[in-house]
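Please read them with the structure open.

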Amino acid sequence: MEQRHLGRTGLRVSRIGLGTLTWGRDTDEHDAADLLKTFWEAGGTLIDSADVYGDGEAEYLLGRLIEGLVPRRDLVISTKAGSVPDPDIRVDGSRGHLLAALDASLARLGTDYVDLWHIHAYDPYTPLEETLHALDLAVSSGRARYAGVSNFCGWQLAKAATWQLAAPGTRTRLAGTQLEYSLLQRGVEREVLPAALDLGIGLLPSSPLGRGVLTGKYRNATPADSRGASEHLAPFVEPYLDDTAGRIVDAVTTAADGLAVTPLQVALAWVRDRPGVAAPIVGARNAQQLTAALSVEALSLPDEICRALDDVSAPVHRYPDHDWSML
């Protein structure tokens with residue numbers, strides 16, 4: 001699998017990443033082992049997790065599989081901290097919480113360091129410089145090799161990245177940012193992606209298949225074994241089952257038929273090759289699904305197909321997203 005640099009850093013990652021959101025809850029150890037082995041054998045390196053995935057079970061499960069199944073040196077392990085499973089707090093970006101969470105992640109993963117450590121979300125109640133100082137301490141102590149943020153909007157990302165760049169050699173530059181991005185969710189193109197491109201930050205799209213909807217499996221009904229039928233994930237899928245999404249899925253299906261490939265391959269190739277994207281993060285339920293996603297490696301969409309998909313899924317950009325003179 002092709003490797004790409006993450007932003008303006010020396011860190012190289014496979015251009016498709018493997019997500020572990022459901023590990024330890026909907027994905028058991030046997031299926032997780034099959035997924036990891038399939039991914040590694042295809043040349044994949046980037047494994048994405050978080051301390052709250054499966055209430056910590058995702059990291060624990062990944063840690064059990066490392067070395068016994070796949071050598072640690074062959075993986076780029078990414079995890080996150082900052083989300084709190086509390087309906088009243090939800091995010092804690094304090095330095096104390098973040099560093100304690102990192103230590104707990106390392107213990108569950110059974111490793112001395114993670115390759116990439118993200119702040120999971122912006123905390124409006126903690127000074128941003130305190131939150132970012134945790135990244136600096138993690139990297140300077142060797143517990144993290146690179147740092148990033150997740151779910152930051154445009155101004156938050158720009159402020160954080162600029163603060164880090166203001167003291168080179170002392171503060172750790174942001175390598176990556178992770179947000180949802182697909183043909184069904186192009187909101188990052190308004191401000192986040194332009195900021196990331198300007199500041200040299202690589203984008204790691206989550207839910208690149210529109211929470212599974214872009215595969216076309218929900219066109220006629222909700223399959224009984226799908227996430228849309230899952231008690232935990234049905235509310236996650238439901239927002240993308242409206243008429244607007246249906247028109248985009250129809251266009252993806254038409255493109256796939258014309259290219260003699262699958263809708264999954266078309267949707268994943270589109271987001272993988274967008275400007276600024278380093279590696280979409282794919283969350284597969286089993287090895288068969290993952291193999292289908294990894295088959296996109298040989299596919300590059302023709303320009304005319306990309307333009308057609310861009311048009312049918314185009315988000316509304318008005319002032320001030322566009323230069324006022326163009327309005």
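1. Contact here means heavy atoms within 4.5 Å. Helices (H or I, at least four residues) and strands (E, at least two) are DSSP runs, numbered from the N terminus.

2. This is a predicted model, in which local features need pLDDT of at least 70 and side-chain atom pairs count only at pLDDT 80 or more, while totals for chains, interfaces and linings use all residues. Residues are numbered from 1 along each chain as its sequence is written, and side-chain values use heavy atoms, with hydrogens and water left out.

3. The protein chain contains eleven helices and ten strands. Its C-alpha trace spans about 55 × 50 × 40 Å along the principal axes. Of the contacts with a separation of 6 or more, 78% are between residues 24 or more positions apart.

4. Of the 327 residues in the protein chain, 52% are buried (under 20% relative accessible area; exposed is over 50%, partly exposed in between; 1.4 Å probe, protein chains only).

5. Helix α5 covers residues 154–165, twelve in number, and reaches 16 Å from its first C-alpha to its last, close to the 16 Å expected at 1.5 Å a residue. The expected span is 1.5 Å times one less than the number of residues.

6. Which residues of α5 are buried? They are Gly154, Gln156, Leu157, Ala160, Ala161 and Gln164. They lie on the same side of α5 because they cover an arc of only 165 degrees around the axis, taken from the directions from the helix axis to the C-beta atoms.

7. The buried residues of α5 pack against α4 (128–140), β7 (144–150), β8 (174–180) and α6 (192–199).
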